[in-house]
Amino acid sequence: MDEGLRQAVAVLAVAMIVAIAARQIRLPYTVGLVIVGAAVALSGADFAPHLTHDLIFDLVLPPLLFEAALTLSWRELVRDSLPLLALAGIGTVVSAAVVTASMTTLLGWPLFSAMLFGALIAATDPVAIIAMFKDNRIKGRMRLLVESESLLNDGAAAVLFVMALAFVQSGGADQSAAATALTLVKVVFGGVVVGALFGGAAILASLRTSEHLIEAALTTIAAFGSFLVAEYFHVSGVLATVTAGLVMGNLGLLSEQEGGYITLKGREFVLSFWDFAAFLANSMVFLMIGADVASTPFGAVGATALAVGIATVLFARAVVVYPLSSLFFISRWKISFREQHVLWWGGLRGALALALALSLPGDLPQRDEILAITFAVVGFSIVVQGLTMPLLLRALGFVAGGRP
């Protein structure tokens, strides 16, 4: 217990120092965390716990998902629902298929291993880009597209991974289309139902109190409870927490008017509380990502395999963004080329991809290679793409300094 507490305090202290320094030198906060985490790990200091599937799923993902969903407007989601569903739904499947084909063709991986890697790496997690949007005060449709697509994409990728893993563990046994569809419905709609029930129950309980601390506690139960219960029943915990956040946000928390299930004081406190919770979760996980990236034995995999993995993921993202966006080019859902470039280069990989990779069975062929390449892709996307993203935003005119 003492050792765990020591590590938690050490990680938090380092993260806060990085946060202050990053503001001073205008370095993206999450990128700074990964770099410092890697540097400290390379120095030989064992200051942080290693990432595990349970740590990410039980402590990191719920606050990140809930906070992001809590501030999304349902009206804006519905307005852009077609392109978002295309990118997050069809796009996830296309991305996984492209990565699967590339890994089997270029590296000679077994189909099952390549399929699982394709499913887990399809989950975009542009937390660093969203944080950068906040720093640069970027709002409007561009931010909505990035945030919303990421949330929906996480849910779709998690569902796809569960189905791919079940297929692999069955030895590739034939499964009827009806059975596959039933599994999909169970995982997706089961998660949505659990999230809606938790969100609705929290709202009903909030009607019985005007104490802002109790209101915040009820949102905490909704965020973590929906995730844990959904995972217990083998449905999507990601979609459950996202749904709970959307329900609670759009049925009162986003309203600035008096009335509803939560007081104005409670609304301000809850939004600040979850902003803080997401900040802590981001601080811890990105620092640990840096430490684990530095300690990953990339040499055993080889530079060629790492380069192929990174290039394949970037190519698959491009195959998703540009063709699918072109489908809406002459409609009211048009996504401009400027926005498409940001969606492509801003499709970072992060905590969810690592959690899924760490949950792979120990006897899976190429498991060590999958873990190493996943860490390489995550590290590249956060550091290289994260550092160059401000330049792209300026060049495209989204922030001051670029063309109008």
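Predicted model: local features only at pLDDT ≥ 70, side-chain atom pairs only at ≥ 80, totals over all residues.
**Stop 1: the nonpolar cores**

Begin by selecting Phe-117, Leu-120, Ile-289 and Ile-373. These residues have the most contacts inside the largest nonpolar core, which has 100 residues. Next, keep Ile-289 selected and display what surrounds it. Leaving aside neighbours within four places in sequence, Ile-289 is in contact with Val-34, Leu-51, Leu-354, Val-378 and Ile-382. As a general point, nonpolar side chains in soluble globular proteins tend to be buried together.

**Stop 2**

Which residues make a nonpolar surface patch of about 360 Å²? Select Phe-329, Ile-330 and Phe-337 to see the patch. Phe-329 is located in the loop between α13 (303-326) and α14 (337-345). The relative accessibility of Phe-329 is 34%, so this residue counts as partly exposed.

**Stop 3: a network of salt bridges**

Side chains of opposite charge can pair when their charged atoms come close. The count for this model is five salt bridges. Select Arg-79, Asp-80, Arg-141 and Glu-339, which a network of salt bridges links.

Look at Asp-80 within this group. A salt bridge joins the side chains of Arg-79 and Asp-80, at 3.9 Å from N to O. Asp-80 also forms a salt bridge with Arg-141, where the closest N and O atoms are 3.0 Å apart. What does the pair of Arg-141 and Asp-80 tie together? Arg-141 lies in helix α8 (residues 141-169), while Asp-80 lies in the loop between α4 (74-79) and α5 (81-106), so the pair ties together parts that are 61 residues apart in sequence.

**Stop 4**

Because Glu-147 and Arg-143 are four residues apart in helix α8, about one helical turn separates them. Are Glu-147 and Arg-143 buried or exposed? Both of them are buried.

**Stop 5: Thr-243 in helix α11**

Move to helix α11 (residues 237-253) and select Thr-243, which lies in this helix. Thr-243 has a relative accessible area of 13%, and the limit for a buried residue is under 20%, so Thr-243 is buried. Its side chain reaches the backbone oxygen of Leu-239 at 2.7 Å. Not counting residues up to four places away in sequence, Thr-243 touches Val-192, Gly-195 and Ala-196.

**Stop 6: two loop residues with positive phi**

His-234 is a residue other than glycine with a positive phi, near 60 degrees. The loop between α10 (212-232) and α11 holds His-234, and this residue is exposed, with a relative accessible area of 61%.

Where is Gln-366 placed? Gln-366 is in the loop between α15 (351-358) and α16 (367-395). Although Gln-366 is not a glycine, its phi is positive, at about 70 degrees. With a relative accessible area of 24%, Gln-366 is partly exposed.

Notes:
Residues numbered from 1 in each chain as written. Heavy atoms only, no water. Patch = residues over 30% accessible without salt bridge, like charges linked within 9 Å, V, L, I, M, F, W, Y side chains within 5 Å. Areas by Shrake-Rupley, 256 points an atom, 1.4 Å probe, with all protein chains shown as cover. Salt bridge = Lys/Arg side-chain N within 4 Å of Asp/Glu carboxyl O. Buried < 20%, exposed > 50% of the residue type's maximum accessible area, 1.4 Å probe, protein only. Core = buried A, V, L, I, M, F, W, Y, C linked by side-chain atoms within 4.5 Å. Contact = heavy atoms within 4.5 Å. Polar contact = N/O pair within 3.5 Å; in protein donor to acceptor, adjacent residues only side chain to side chain.
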